[in-house]
Amino acid sequence: MSLASCFPSRWPSPVQLWIPFLSVCALIGRPVGSSHQHFHPHSIKLPGDITLGGLFPIHARGPHGLPCGELKKEKGIHRMEAMLYALDQINQDPDLLPNVTLGARILDTCSRDTYALEQSLTFVQALIQKDTSDIRCSNGEPPLIRKPERVVAVIGASASSVSIMVANILRLFEIPQVSYASTAPELSDNNRYDFFSRVVPPDSYQAQAMLDIVKALGWNYVSTLASEGNYGESGVDAFMQISREAGWGVCIAQSVKIPREPTAGEFDKIIKRLMETSNARGVIIFANEDDIKRVLEAAKRANLTGHFLFVGSDSWGAKSSPVSELEDVAEGAVTILPKRASIDGFDQYFTSRSLENNRRNIWFNEFWEDDFRCKLTRPGIKLDPDKKKCTGEERIGRDSLYEQEGKVQFVIDAVYAVAHALHTMIQDLCPGGSGVCPNMDPVEGRALLSYIRAVNFNGSAGTGVLFNENGDAPGRYDIFQFQMTNHTHPGYRVIGQWTNNLRLNLEEMQWSGGDQSLPESICSFPCQPGERKKMVKGVPCCWHCELCDGYQYQLDEFTCETCPTHMRPLPNRTACRPTPIIKLEWHSPWALVPASLALLGILATVAVVITFIRFNDTPIVRAAGRELSYVLLTGIFLIYLITFFMIAEPGVVMCAFRRLFLGLGMAITYSAMLTKTNRIYRIFEQGKRSVTPPKFISPTSQLVITFILISVQVVSVFVWFAVVPPHTIIDYDELRPPNPDLARGILKCDMSDLSIICCLSYSIVLMVTTL
């Protein structure tokens, strides 16, 4: 009976679980038979007692709305073959799952989340209860519908966006999922993705490792570049969040997103935007390898080879395809990859694959043509004359380049994780080791999940495989740098590791042109000594440098402070230094000229005194008022003598002499002149009225009057001594020019301008009275 003649009379009744995808409903009502291949024409089916699902990006995303594009040899074929290899090893292992054969249903996701969702419906068909009572063939008999195989767990997917989309439907049917490459932090949410586990660490660990690398390189101003989607956006978000929480001060100059379907010139615009903050040479990139390659191409077109310093996530890792023919642009790129090792057994397995012994891989012919750049002949298809014919005798690794893809180890570990979980589950539910028993028909998904989360074994590379409560693997990364010098061929060199903390060999790093000095990626260069930082609002890594001017010094990196009055800033303005103290020196012109004049005056005064003494009893001397003349000459002598007290170095004694003699000489002089003038005035006035001479005109009386007048000055000075004892001060204000290097403190006596005026005021009164 032909199934083609069967058709549904109406849509089936509701399914066991509600599915929020209309495409599922469209499939439920169709009989499963030959038409099944119509909906899933690209899949590998391996028979077995227990079937595992597999999701791999065999093809790239197709152009112009097509679901699938070109073949992906490494991320697609290598990883898929790694699952087949692991299944072979497990089925041949007498100790792991004895009497049980693992089968598989492997699907192509075409690197597109929506297409992968449609393909993954194959995994849940066996769990959907269909009502076929109303379905009849043309002869009235019920159709023969083959029940699809039941998938107990799914290995995959690769891209995080695909895993997230698939995880949403697998959790509805409680099918555990173990990914070998999806690292988006979002998948660590055990409430939303409770049936998802992964043998690779999440990007939150990767982001922490990348932040530690940035810190070790001394960068604080970087840009981020992410492919649109869960992997790229979640990775950048994790990097930014961890950098904020760490409080280390890494600023994001630009956060650029690469569209899913970039238009022509999009990558040139991205490079131009990154150059808007050209100081941010470091670029943290979470992008797929196709986008990475196009970014490098755009940088080369912009003639920016060597400018950008890329720090790439595990999607870049140690892959050769993104940097092919762009080695000069990628030179110095630091990349990160979960710690892995090359699996020798897989190399032997894969290099032995041929068209004859690998017919189970339905994409192997396409891989063969692509790998050897030849064309297989097919009936009815004319061979392209520009391509050589495949002979079938070609060998991988001999007639083509072969390097094991980086995630092969994790694919094998993911398959083994499910196998170990099934092994333990069978031991617990099916004692006796006879294989799958009725207690495991069907395999209960939530129970299998608990067994998967509990596994702990040494993986294919000898490292432990285990999961935390969120289904994440521990963070273990190798750090690579793409170098061109000191190598026969450009390539990646391991320069460090990260396992909860960073170990980076800076001395082994090389940058553009083989330069070993660390390049800079900072917003603002450090300020010079004596300059303060004026922060740019909203960007804690950017600042302007302002010089501490005048008498300011740099208190800290953000503050300028004025030096104390007695100090001035150092030439580099990092601290203050004492202001030099000066005094009037004897050799100074300001001292020599007055001292010389004063000396001439003293000599002249002494000469007059000597003359008066020599002719002391002559009528002329006596008529001049001999006694008052001597007093007058003494005052004049003190006036000249005070010059030397004013020039001498200030001290307590010298300051006392200055106070005493500053006004004393003038007081003595004008007191004598006043007394003499007054005597003459009274004599003439008395002579007008009487011949009797006036009182107190004798020499003794004149001296007494003079000394009484002088005593007023002396008493005032001693009262000043009592109130304010003589002392010295240093005047820093008098010589404080705009240039602090010229600032000086002047050592002087504590005699203000007011006190000097007060000291001389009595002499002025005497002078005015004399007139």
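Predicted model: local features only at pLDDT ≥ 70, side-chain atom pairs only at ≥ 80, totals over all residues.
Me: At what angle do helix α3 and helix α11 pack?

Reply: Two packed helices are described by the angle between their axes and the distance between the axes. Here, α3 (residues 73-92) and α11 (residues 344-351) pack at about 105 degrees, with axes 10 Å apart. That makes α3 roughly perpendicular to α11 (angles of 65 to 115 degrees count as such, under 35 as roughly parallel, over 145 as roughly antiparallel and the rest as oblique). Axes are lines fitted to C-alpha atoms, for helices over the stretch in contact, and angles run from 0 to 180 degrees between N-to-C directions. Helices (H or I, at least four residues) and strands (E, at least two) are DSSP runs, numbered from the N terminus.

Me: Which residues in α3 and α11 meet?

Reply: Contact means heavy atoms within 4.5 Å. From α3, Ile-77, His-78, Glu-81, Ala-82, Leu-84, Tyr-85 and Asp-88 meet Gly-345, Phe-346, Tyr-349 and Phe-350 in α11. The residues of this contact comprise seven nonpolar, two polar and two charged (Ala, Val, Leu, Ile, Met, Phe, Trp, Tyr, Cys and Pro count as nonpolar, Asp, Glu, Lys and Arg as charged, and the others, Gly among them, as polar).

Me: How are the rings of Tyr-85 and Tyr-349 arranged?

Reply: Rings of Phe, Tyr and Trp (its six-membered ring) pair if their centres lie within 6.5 Å; planes under 30 degrees apart count as stacked, over 60 as edge-to-face and the rest as tilted. The structure holds 22 aromatic pairs. Among them, Tyr-85 and Tyr-349 form a tilted pair, 5.4 Å centre to centre with 50 degrees between the planes. Tyr-85 lies in helix α3 and Tyr-349 in helix α11, so the pair ties together parts that are 264 residues apart in sequence.

Me: How much space lies in the largest pocket?

Reply: Rolling a probe the size of a water molecule over the atoms shows where empty space is left. On a 1 Å grid over the protein atoms alone, a pocket is an open set of points where a 1.4 Å probe fits, with protein on both sides within 12 Å along at least five of seven lines; lining residues have an atom within 4 Å of a point. Grid points are joined across faces, edges and corners, and a volume is the space filled by probe spheres set on the points. The largest pocket holds about 1,400 Å³. Its lining has 36 residues, with Lys-73, Glu-74, Ser-320, Ser-321 and Ser-324 nearest the centre.

Key: Residues numbered from 1 in each chain as written. Heavy atoms only, no water.
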